[in-house]
Amino acid sequence: MKLFRHLQSVMLACMLALSAPVFLPAVAVAQTSHQVVAPNYDEWRVFAERAERLIDLQFTSDEVLAELRADLVVFRGRFLSAQDANATRIATLREQISALGPPPEDGASEAEELAARRAELSEQLTQLQAPGIAAQEAFRRADGLIRQIDLIARERQAEALLTLWPSPLNPVNWVAAVDSVWGTVFTFGTQVLGALEDPAHLREFRSNLPVVGFLLLAAGFVLLRGRAWIERLVGRLLDEGGDRKSKRLLAQIMSLTQIIVPVAAVAALSSALVLTSLTGEIGAALGTALVQAGIGYFTARWAGRQLFPVHESRRAPLQLPAPRRREGRFMANLAGLFLGLNVIISTLFDPARQSDAANAVIAFPLMVLAGVVLFRLGALLSRHFQLVAADSTETRFFDRIVGVLGKLAMIIGIGAPLIAAVGYVQAAQALLYPSIVSLGLITLLLFLTQLVDDIFDLVTHRGPDDPAALIPALIGFAIVVLALPLFAIIWGVRPTELLEIWQVLREGFRIGDTRISPTNILSFLIVFSIGYLATRMVQGALGSGVLPKTKIDKGGQKAIISGTGYVGIFLAALVAISTAGIDLSGLAIVAGALSVGIGFGLQNIVSNFISGLILLIERPVAEGDWIEVGGTMGTVRSISVRSTVIETFDRTDVIVPNADLISGTVTNWTRYNSLGRIILPVGVAYGSDTRKVARILKEIGDAEPLALLDPEPQVHFVDFGADSLDFELRLVLSDVGFGLAVRTELRHQIAERFKAEGIEIPFAQRDIWLRNPEALRGEAPPKAATETARDPRDENARTEMRYDEISDTDAGGGDADGGR
């Protein structure tokens, strides 16, 4: 029951938090137009002394402490606002004092007029700072009292969770539970009989009987027939919709009626019960509990149909076979039923009015059933992860989270009833029921993110095979972040604590003399986004409408567009900072200290950034140029601030840091023109007519259409080679980009003409000397003539000759064989 009250409170808090940015500007204007009223410190001192006395008392109830804390939060908010009192005037006085110059040193004198003026300004500054100092002292006292109350509340909560009640398995404790149930039934019966004997209640019952009858009939019809009709309607829309996004979106929105309509019927039933005026106080409380139980049951039923759909679909959150989905829907219905019963039991049998033994015995059977349901739901979640992991080599983050949640649910489903059986019933309840509600909230988040994705698909006409969009992902992330307070409340965090956290965040924090708050951040983001979009629009206008009509080349247009983007983003950041009211002077010292360390770590990045700016301004290379740098040759594909992408002739992209293009040697083949010379070496056999060879090569070069006439193709007889007479055909092409194709065509023509003219193109030949040829023929080696005397000079000559022969073979033979 407390859980549902907390949920209602957090929904109101979230609505106020979401609407706060809308009213913040108006509040800011109102605050600036009126002077901040100083707090009443006398009233504060009396209240603070009273709060300290109540906090020191050990038997102060939780309700009294909660009221004290709420009042303390109000006082603390006033003191926080009062800390900035006279801030503008104080800053002005400090500037006036600084304008007078530094105060004189000890023993030094100062002009009487300056000294009097300095003393007057100092006195005014002291008086203006006094309210802020008093507000800071009071703020610290209020904040300390709030922390003390929070500490007491946490200690009491921990003590309650660790309190060992009598075991519900002990039959001795069952008597207390029977007495509690009988007492509640007897009290309820007494109240009903008393109302029946009271003529006033009977007259009221008769007057309300038509309304009661109508409400009962309407509620019964909706619960028995209308709910089934709605479920069939939603299922028919999903079946007929198929891949039609509009019908699928309509079906998702219509599915919410599966909660709204039945809950309205239960509310009508509760109203009818109250209007009878015959049920007494217990009946009235039971009517309220019925509405809360209906919300829990029908929400769980809807969540089960969302998480375990009737029809198999690839869009379903969990990929499970039909029998497992059917089991999941059944378990979800049971989970909602047990949540509703827990609310009703907590209303009928108030734990504060029952003994610990009675509370343990009454709560234990329902906890066992809820634990079994939670265990089965966890097993289904784990089953989904196992199936996905078996079908694919790489699992998604969502699937891994589902697997972890499944294991946790199974552990809690088993562990909570076990510790409740021991006697830690409150701790078991604090684990079991929040786990079930958390699963329902996770299902709601999945539904909302899917709904956002479908709306985006419908608006942008995105197809099912298109890549995932960023905007729905960001919106889904924001929805999850906004749901964190709901999870916190489900697991026991008080709504007042969340409201206090929001208030602290809204007030912001100080960095030097600057206060950073969500309002400042929101203003910064809005102004910067507007400036960024305006910069992109100007870049688009320059790139599509203005620069193409000028005589500036493509590289210059790219440089102007990039420079405009950098300047626009820088100006947008400055304007956004100024609009948000962020004073960067207080961060100058910190930024200076950080810049030294960052400079050493990011010096390469900074160097590449500066080099990129130089490339965009001087433009030694531009997009489309054919360059060679550091052994890499290719066409410049793009130039960014940090690096340049070069596309090689192998169609691979090489990322080159801009610093290498500035500090290294770069060969640009096509920067200012596409002219280029190619050299084609040709070798002919010795004995060929060299004049004829030169004439043939000259004719072939003159016939090349890409060769320039000035300078005309030239043929040079360059050398007498080891195996050939070496010539070179040199041509200057109008577009050196076709150099490889021209070389290939010229070689074909040279081979054809030389063959027709009988000119031989030689190839290297070598003579091989075998030291022992008789070994190849299988003969015995000849005997060495040991009797013949040898001249030592011959031996030296043979050794030297063998050394020269080996060296010549290694040096020349390898080159000749490998080079041809």
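Helices and strands are runs assigned by DSSP, numbered from the N terminus. With that in hand, the chain in this predicted model can be described as holding 25 helices and ten strands.

The average pLDDT of the chain is 80, and 82% of the residues reach at least 70. Two stretches stand apart from this picture. Over residues 1-36 the pLDDT stays under 50, and the model has 29 contacts beyond four places in sequence for this stretch. Over residues 793-820 the pLDDT also stays under 50, here with eight contacts beyond four places in sequence. Where pLDDT is low, the predicted coordinates should not be read in detail.

Turning to the chain as a whole, 34% of its 820 residues count as buried. The exposed surface comes to about 49700 Å², with carbon and sulfur atoms supplying 63% of that area. Among contacts between residues at least 6 apart in sequence, 72% join residues at least 24 apart.

What lies inside? In soluble globular proteins, nonpolar side chains tend to be buried together. The largest nonpolar core here has 41 residues, of which F308, L318, M367 and L374 touch the most other members. Helix 11 (322-348), helix 12 (356-391), helix 13, helix 14 (425-460) and helix 15 (470-490) each supply at least two residues of this core. Helix 12 gives the largest share, eleven residues. A second, separate core has 22 residues, including Y41, F47, F75 and F139.

A closer look at L374 shows who its partners are. Leaving aside residues up to four places away in sequence, L374 touches A409, I412, G413, L432, S435, I436 and L439.

Is each of them buried, partly exposed or exposed? D399 counts as buried because its relative accessibility is 2%, and buried means under 20%. I401 has a relative accessible area of 36%, so this residue is partly exposed, a class that sits between the 20% and 50% limits.

Terms used. Residues numbered from 1 in each chain as written. Heavy atoms only, no water. pLDDT = per-residue confidence, 0-100. Contact = heavy atoms within 4.5 Å. Buried < 20%, exposed > 50% of the residue type's maximum accessible area, 1.4 Å probe, protein only. Helix = DSSP H or I, 4+ residues; strand = E, 2+ residues; numbered from the N terminus. Areas by Shrake-Rupley, 256 points an atom, 1.4 Å probe, with all protein chains shown as cover. Core = buried A, V, L, I, M, F, W, Y, C linked by side-chain atoms within 4.5 Å.
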